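Please read these notes alongside the model.

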Amino acid sequence: METQNNKLTKDKINTPHLTVLPDEKVSFGQSALLGLQHVMAMDVYVVPFLIAMLIGLQSGQSTALIQSTFIAAGIATIVQTYFCMKLPIAQGPSYVPLGAIVGIYAASGGGDLGWSSVLGASLIGAILVIILGFTGVFNKIVKAFIPPIVGGTIIFVVGLSLMPVGLSDNIYNGAGATINQNIYLALISAVVLIICVMLGSLFRKKGRVFRITSVIIALIAGSVAAKLMGVLDLSAVSQAKWFSMPQIPFADFGFTFNISAIITMIIIYIVLMAETTGTWFAVSNVIDKPLTDKQINRGVIGEGIGCFIASLLGSTPVTGYSTNAGVISITGIASRRVFVAAGAWFVLFGFSGKLAALISAIPSAVIGGVFVIVCGIIAISGLQVMKNERIGEKEMYVIAVPMILTLALTLLPDDFLYSLPSTVQYLFGSPVATAAIVAIVLNKLLPSIK
């Protein structure tokens, strides 16, 4: 029988780019340091920040949402890495449900009722995802309905649909500064981000730190510029406590179960699972360990549990972050212990009101400069999924129609949207969900032309 050490040695030969394999032990100190590195590489705070801005949450509510999101990301990462999929995968809030969340919130009347409708729909959707994992149905759905041409299109429109949000809401109409200041701040954060990434690529060993911390450095540079312009307000940070309890279900918020909202969120979860499956394959490719059907099903269960926990904490659905696959590739360290440590860091950060307040104080234009770059990268990731596919007459329409529909719904005037029936509002409020359905239907209905 092959011993564990011999197996690890053999695996290292097969994966020469890795210095630490997924099941190798790493010391507590190293795990903590390397886990923090992964946390810094993830833009977990951007999603709750955007949601707070888009639905108009007050400062205290925004801080509470950021705290809950950090804790949810931490617990979901530990669940997926240690208990379910058992691969080095970090979980964080997904960009995919943004449109649906805003649509459900608005269509439900906003305020506490709007947010409780979002959480109720997310809770039911998460339970369905868990069931899909236990039954193995999701794996069959992906194989039958989401081939690379459809999956790539969905990922592409995710990036495309969010670009106008980043440009218009974050930059052109960002609060607290003039449009000129906002544009300058966005340019500064975007340029610094690109420079850091390029330094990391050009000087692989010495410049690695720049690439890994590129988002943090960009946000710091943008915030320093904002301070010099006089548009950075840190008063809420000084008043916040170092440690504070997050919101508690049924005490600070409740759950409302609206059929139309639930149907919309279920569609979003299917799209979300298609996205996270791509992340799983990316990580699998980096660590040179092919995914089995059993792992995928366990991953779906882990994803569902993570989303369920996020809903209970008053946060939004989580997903696997592909960013970490890049960090693994750069550092060569794929230990699951490092990712468990990253999860622990997230939970720790979630109990720090001061950190959450600091993040929520970052000007929207600074976030916007990073965000639009992220949107572009997401869109390009979709194109990479499709790059090996033959683009014939049918495929052109499968890609083009959802793309046009995404832009049409993103630019749809609010007055017209709110005049439609509630169910249609929920659906059209999420351009990604609508575009995904259309891509799947077109791929099935249009004849293949050779």
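1. Is I179 buried, partly exposed or exposed? This is a predicted model, and in it I179 lies in helix α9. Its relative accessibility is 45%, so I179 counts as partly exposed. The cut-offs are under 20% for buried and over 50% for exposed.

2. I179 belongs to a nonpolar surface patch of about 560 Å². Two helices, α8 (148–172) and α9 (179–202), each contribute at least two residues. Helix α9 gives the largest share, with 4 residues.

3. How many salt bridges does a search of the whole structure find? The count is 1. The side chains of D23 and R336 form a salt bridge, with N to O at 3.1 Å. The pair links distant parts of the chain, 313 residues apart. D23 sits in the loop between α1 (4–14) and α2 (28–41), while R336 is in helix α16 (residues 336–350).

4. The two partners fall into separate accessibility classes. D23 has a relative accessible area of 39%, so it is partly exposed. R336 is at 16%, so it counts as buried.

5. V374 is also worth a look. It is part of helix α18 (residues 364–386). With 18% relative accessibility, V374 counts as buried; the limit for that class is under 20%. V374 and A190 are 184 residues apart along the chain. Their C-alpha atoms are separated by 9.8 Å.

Notes:
Residues numbered from 1 in each chain as written. Predicted model: local features only at pLDDT ≥ 70, side-chain atom pairs only at ≥ 80, totals over all residues. Heavy atoms only, no water. Buried < 20%, exposed > 50% of the residue type's maximum accessible area, 1.4 Å probe, protein only. Salt bridge = Lys/Arg side-chain N within 4 Å of Asp/Glu carboxyl O. Patch = residues over 30% accessible without salt bridge, like charges linked within 9 Å, V, L, I, M, F, W, Y side chains within 5 Å. Areas by Shrake-Rupley, 256 points an atom, 1.4 Å probe, with all protein chains shown as cover.
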